[in-house]
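Here's a quick briefing to read with the model open beside you. Have a look around first, then come back for the notes.

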Amino acid sequence: MNIIDLFISELEREARRSRRALELVPDNRRTWKPHERSMEFGYLADMEATNPTMMAMILRQDQLDIAPPDGQRWERPHPATSAEYVAALEKAAAEARNALQETTEEHLQTHWKLLAGGRVVSDTPRHEMLRDTINHWAHHRGQMTVYLRLMGCTVPALYGPSADDNRFD
């Protein structure tokens, strides 16, 4: 098995886990947050639904400026219902899957840059940035499940059972 196949397999597993969490997003809770310094639930769920888009960007672009000097940023969609979140995830995952299927092992060794305000904050091989992106996705999913619990919602099984869901898959 090559590294591309490994990334596709991991994308599928992580998308399935994100889908479980996004299916439980309650309506009308976009602005909820557990603390004044915490991010809003809706923003967190938006990131969870669209994270695979970053994988496609890493493979198809040479860089991304998350705070471009001209102010023109990539805007995430802002779903309102769990069904809309799941649809956004499916679209993002398909985009990432296609980008992975179109790339080469050699391309994964080339460098990709993350910028903020025109300043390079990361310049690493694409395969490392893909791994960091998947880890970042799981991190925010963990945050999201804590938010769900604090709002009194069901928490899905992700890497093993939760108090609400006994699945091990």
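How many nonpolar, polar and charged residues are in the lining of the largest pocket? Keep in mind that this is a predicted model. Sorted by class, that lining comes out as ten nonpolar, five polar and five charged residues.

**The pocket**

- The largest pocket holds about 590 Å³ of space.
- Its lining is made up of 20 residues, and the closest to the pocket's centre are Tyr-43, Met-54, Ile-66, Trp-74 and Arg-76.

**The nonpolar core**

- In soluble globular proteins, nonpolar side chains tend to end up buried together.
- Here, the largest nonpolar core counts 41 residues, and Leu-22, Leu-100, Leu-130 and Met-144 have the most contacts inside it.
- At least two core residues come from each of α1 (3–22), α2 (41–60), α3 (82–102), β2 (111–116) and α5 (126–150).
- Helix α2 is the top contributor to this core, with eleven residues.
- Zoom in on Leu-100 and, skipping residues up to four places away in sequence, you'll find it touching Ile-4, Phe-7, Ile-8, Leu-11, Met-55, Leu-59 and Leu-130.

- Asn-51 sits in helix α2.
- With a relative accessible area of 7%, Asn-51 falls under the 20% cut-off, so it counts as buried.
- Apart from neighbours within four places in sequence, Asn-51 is in contact with Thr-133, His-136 and Trp-137.
- Thr-53 is also part of helix α2.
- Thr-53 is buried too, because its relative accessible area is 9%, and the cut-off is under 20%.
- Setting aside neighbours within four places in sequence, Thr-53 makes contact with Trp-74, Ala-92 and Glu-95; Trp-74 is also one of the residues closest to the centre of the largest pocket.
- Thr-53 and Ala-96 are 43 residues apart in sequence, yet their C-alpha atoms are 6.0 Å apart in space.

**The hairpin**

- Strands β2 and β3 (residues 119–125) run antiparallel and are joined by six bridges.
- Together β2 and β3 make a hairpin with two residues between them.
- In the turn, Gly-117 has a positive phi of about 65°.
- To line up the strands by eye, find Trp-112, which stands opposite Thr-124 in β3.

Note on methods:
Residues numbered from 1 in each chain as written. Predicted model: local features only at pLDDT ≥ 70, side-chain atom pairs only at ≥ 80, totals over all residues. Heavy atoms only, no water. Core = buried A, V, L, I, M, F, W, Y, C linked by side-chain atoms within 4.5 Å. Buried < 20%, exposed > 50% of the residue type's maximum accessible area, 1.4 Å probe, protein only. Helix = DSSP H or I, 4+ residues; strand = E, 2+ residues; numbered from the N terminus. Contact = heavy atoms within 4.5 Å. 1 Å grid on protein atoms, 1.4 Å probe; cavity = no way out; pocket = protein on both sides within 12 Å on 5 of 7 lines; lining within 4 Å. Points joined across faces, edges and corners; volume = space filled by probe spheres on them. Nonpolar A, V, L, I, M, F, W, Y, C, P; charged D, E, K, R; others polar. Pairing = 2+ DSSP bridges.
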